[in-house]
Amino acid sequence: MRRIGIDVGGTNTDAVLIENGQVVGAVKAPTTSDVTGGILDALSRLLATGAVANKPVDAVMIGTTHFVNAVVQRRGLIKVGAIRIGMPASASLPPLCDWPADLAKVVQGPIAMVEGGHDYDGRPFMPLDIKAIQRAARDMSAQSIRSIAISAIFSPLDPSHEQAAAAVIAEEMPQVAITCSSDLGRIGLLERENAALLNAALAELARHTIAGFERAIAESGLSAPVYITQNDGTVAEAVQAQRLPIYSFASGATNSMRGAAYLSGISNAIVIDVGGTTTDIGQIRNGFPREANSVVKIGGVRTLFRMPDLLSIGLGGGSHVSLDPLSVGPLSVGYRLTADALAFGGPQLTASDVGIAVGSLKIGDHSKVTHLNRNTCHRVLDHVRGMIEESLDHMKTEAGDVTLLAVGGGAFLVSQELDGVREVVRVAHGDCANAVGAAIAQVSGEVDQVFQNMTREQAISAAKRLAFDRATTAGADSATLSVIDTEDIPIAYLPGNARRVRVRCVGDIAAR
Amino acid sequence: MTEFRELSLDDIEALAVGAWILGTGGGGSPYLALLNMRRLYAEGIRVQLMPPEVLADDDWVAVVSNMGAPLVGQERLTDSRTIARAVTLMEEHRGVGFRAIMALEIGGGNSLQPLMAAAHFNKPVVDADTMGRAYPEAQMTSVAVGNLRPYPLTTVDCRGLEAIVEKVPSWKWMERVSRKLCTEYGSIASTCKAPRTGREVKDWGIPHTTTKAIAIGYAVRKAQAKHDDPIEAILSVEPGKVLFRGKVVDVDRRTTEGFLRGRATLSNLDEDRDSRVAIDFQNEWIVAWRDGEAMAMSPDLICVLDSVAGEAVGTETIRYGQRVTVIALPPPAVFTTLKGLEHVGPRAFGYDLDYKSVFA
């Protein structure tokens with residue numbers, strides 16, 4: 001397999017070519033505001049290395065933080081029509097009821113709340129009110145709404161009411177983009193609905209951006225299919241990713257973790273990615289990031305969907321260092337390191353200056369930091385070590401020592417000896433870990449629902465069958481499928497030995 | 001205390017934080033109930049808090065709570081009109097008018113249910129409840145300890161399902177029958193419990209628990225804003241004791257007989273790494289053990305708090321690695337009598353232990 005992985009970051013667009021599991025070419029280009037320009041630039045640099053030669057490329061996988069940035073910066077979003085199925089329940093808390101006002105102002109369109117939905121045990125909560133949905137569609141059409149989010153109570157258990165509503169709307173409004181909350185998973189109506197609304201608000205940006213990606217790949221002379229990498233380290237075909245842009249929100253961090261795991265050959269570890277301003281810590285299990293089980297706020301909106309469990313702390317190479325009292329970060333000189341740090345003639349003592357003084361970082365002018373005595377440097381590094389040790393412990397799910405993969409430009413701050421760590425592994429090509437993570441992504445299938453009147457084993461195997469079906473539908477080669485995550489939680493109060501089971505499986509992309 | 005007090009939205013935000021702490025690990029998150037109150041306040045509605053002392057002996061007080069599975073509550077979001085309907089249904093059934101509304105349970109999401117109902121009636125909320133915390137069953141209340149009449153009870157589902165439990169011989173029967181109704185509704189129901197007279201509330205209610213929860217909530221929120229120690233802030237408003245500071249090293253969870261049971265094990269952060277504390281839970285924290293010896297038990301309130309944020313850590317969500325501080329708060333006096341201990345002492349939860357208070 002020959003694949004190109006591209007990571008569109010805030011500063012750089014990285015591209016790598018992977019051939020039979022080896023990195024055979026890696027380049028960087030500046031990210032451009034239209035995203036496409038940076039990709040074209042990176043690809044032409046990659047082609048210029050000669051690594052691609054004239055041999056065909058099987059796939060191009062792109063990871064981007066473009067969509068999450070759009071939400072955070074409130075740009076490129078459109079008004080969304082919200083359809084909530086579940087009346088008469090939840091009426092006092094309509095869609096967008098807990099959004100920050102500035103974002104609600106941009107996104108909130110007409111809201112329709114209609115009867116329907118299911119109970120936790122699969123019984124219909126109320127019959128679906130098709131007529132009300134038709135009326136809502138006509139009203140939204142009259143208001144020129146171009147994107148609609150549909151949510152229904154307990155739709156992760158039974159999505160049929162959302163699907164029926166989507167069919168009615170598609171008939172009334174053939175051009176409209178539709179997001180169903182059941183495509184986004186998790187129990188928790190408000191948070192799942194919020195995710196659907198954010199996704200719907202991104203509908204046009206996603207269409208333009210992904211069309212731009214495909215154009216850029218075609219213009220660079222490659223004929224390979226384009227895949228977009230997702231939060232969970234898997235990929236979606238461009239057409240699918242365009243439908244669910246929020247699934248790429250955290251793909252940058254995920255790709256970095258998976259790339260580090262791949263490059264090191266270690267598939268179970270904690271990964272620490274130390275940048276200029278922040279440090280991201282996550283856990284890799286079987287080569288995939290562990291997922292967050294709780295609410296994740298995006299742009300001030302509470303959401304619950306497939307996101308990696310990440311801990312970010314204000315520590316990086318550019319972190320401000322104060323000596324009395326001793327503190328490191330969260331303020332940082334950021335991208336101005338080479339202007340503001342002491343070792344570059346600037347006024348600010350940074351974590352990098354301490355690294356340069358003790359010789360663990362070889363940049364800048366060492367003579368400008370020789371006044372930092374050994375004792376002082378060690379006090380600072382001990383403090384940093386304490387910060388890292390505590391954060392690592394937070395990310396562990398059980399006692400015992402772990403393997404730590406250290407990547408990123410600030411990885412020199414990670415001490416070789418850490419409490420609770422068996423071994424610190426520094427990864428070769430660590431600076432292109434994200435693009436490598438993109439290049440190696442696979443296709444997944446996931447199930448998260450409540451099973452009743454079954455033994456634990458029966459419930460897990462029923463969930464597994466459903467997950468395999470979903471992965472195959474999403475384009476996986478069924479012969480390569482394997483389960484990467486199983487979790488089951490007994491549910492208090494519910495009868496029938498109720499158990500919520502989550503199973504995720506992955507497989508290679510099926511040949512076309 | 002005889003003054004009525006209009007609750008501000010800040011008071012209610014603080015109440016949500018404090019009530020979650022008094023939930024002693026259970027009771028459900030107050031978040032969705034708080035969202036209801038924010039919207040009602042945005043419409044201009046205000047709720048009055050009434051000291052129990054002001055009640056006349058023959059006033060009638062509605063005691064309300066939402067019953068059911070927290071999971072279902074995440075999909076069928078609590079709506080102030082449903083709990084209000086449970087109160088109206090009781091008034092219609094009994095042919096009396098309520099003077100005020102009171103919480104069954106000040107711990108967790110149910111702390112806000114009387115406010116949600118009151119918002120629709122222009123009636124005050126009594127500054128009291130019947131648990132002083134959260135407990136899992138109907139007989140674990142001060143009014144059950146007082147042998148007050150357990151019936152009738154109204155149950156409401158937002159689809160227009162309404163049922164009244166007219167008569168039961170005991171609180172345990174009320175628990176069984178109402179649980180069955182609740183399950184049939186889809187494991188969630190808004191309920192108005194047996195109405196109480198003003199005399200009964202004054203004799204058997206646990207007074208001033210709303211004020212207490214608000215004070216705890218303010219202490220935590222202020223400490224968070226000033227980056228002070230929130231645990232110290234709580235202890236400055238409540239005569240509690242720190243039992244342990246450490247981190248979670250193991251959580252063992254299982255569901256039996258409809259309860260979430262299990263044990264969380266904590267270890268010391270710095271020196272003394274061998275010293276461990278284990279806390280058993282049955283929806284709520286019930287008994288804390290240190291090196292095999294019981295160090296705190298129900299009815300003492302055992303609260304597990306996030307050491308940095310000061311907010312409560314629930315039994316459903318506690319996980320490995322969390323930095324937590326365990327504190328004990330004094331129990332309501334009604335639960336430390338022999339009769340009280342029969343209802344909520346360690347033996348009521350299956351532990352062969354004699355109750356020994358942290359505060360003895």
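**View 1. The interface of chain B and chain A.** Chain B and chain A bury about 3,400 Å² between them, 57% of it on carbon and sulfur atoms. Buried area is the accessible area (1.4 Å probe) that two parts lose on being put together, summed over both. In chain B, L71(B), E75(B) and Y320(B) lose the most area to chain A, together 22% of what that side buries. The contact (heavy atoms within 4.5 Å) involves 38 residues of chain B and 45 residues of chain A.

This is a predicted model: local features need pLDDT of at least 70, side-chain atom pairs count only at pLDDT 80 or more, and totals for chains, interfaces and linings use all residues. Residues are numbered from 1 along each chain as its sequence is written, chains are lettered from A and ligands numbered from 1 in the order in which they are written, and side-chain values use heavy atoms, with hydrogens and water left out.

**View 2. A salt bridge between the chains.** D309(A) forms a salt bridge with R319(B). Their closest N and O atoms are 3.1 Å apart. A salt bridge here is a side-chain nitrogen of Lys or Arg within 4 Å of a carboxyl oxygen of Asp or Glu. The rule finds eight salt bridges across the interface of chain B and chain A.

**View 3. A helix pair in chain B.** Helix α1 (residues 9–22) and helix α2 (residues 31–42) of chain B have axes that come within 10 Å and cross at roughly 175°. Helices (H or I, at least four residues) and strands (E, at least two) are DSSP runs, numbered from the N terminus. Axes are lines fitted to C-alpha atoms, for helices over the stretch in contact, and angles run from 0 to 180 degrees between N-to-C directions. α1(B) and α2(B) are therefore roughly antiparallel to each other (angles over 145 degrees). L9(B), I12(B), E13(B) and A16(B) of α1(B) meet L34(B), M37(B), R38(B) and Y41(B) of α2(B).

View 4. Strands β15 (residues 284–290) and β16 (residues 293–297) of chain B pair in the antiparallel sense over four bridges. Two strands pair if DSSP finds at least two bridges between them. R290(B) has E293(B) in β16(B) as its bridge partner. Two residues lie between the strands of this hairpin, and D291(B) in the turn has a positive phi of about 45°.

**View 5. Two cis peptide bonds.** The peptide bond from G329(A) to P330(A) is cis, with omega near -5°. P330(A) lies in strand β18 (residues 326–332) of chain A. In chain B, a cis peptide bond joins S298(B) and P299(B), with omega about 10°. P299(B) sits in the loop between β16 and β17 (301–306) of chain B.

Technical notes: Angles under 35 degrees count as roughly parallel, over 145 as roughly antiparallel, 65 to 115 as roughly perpendicular and the rest as oblique.
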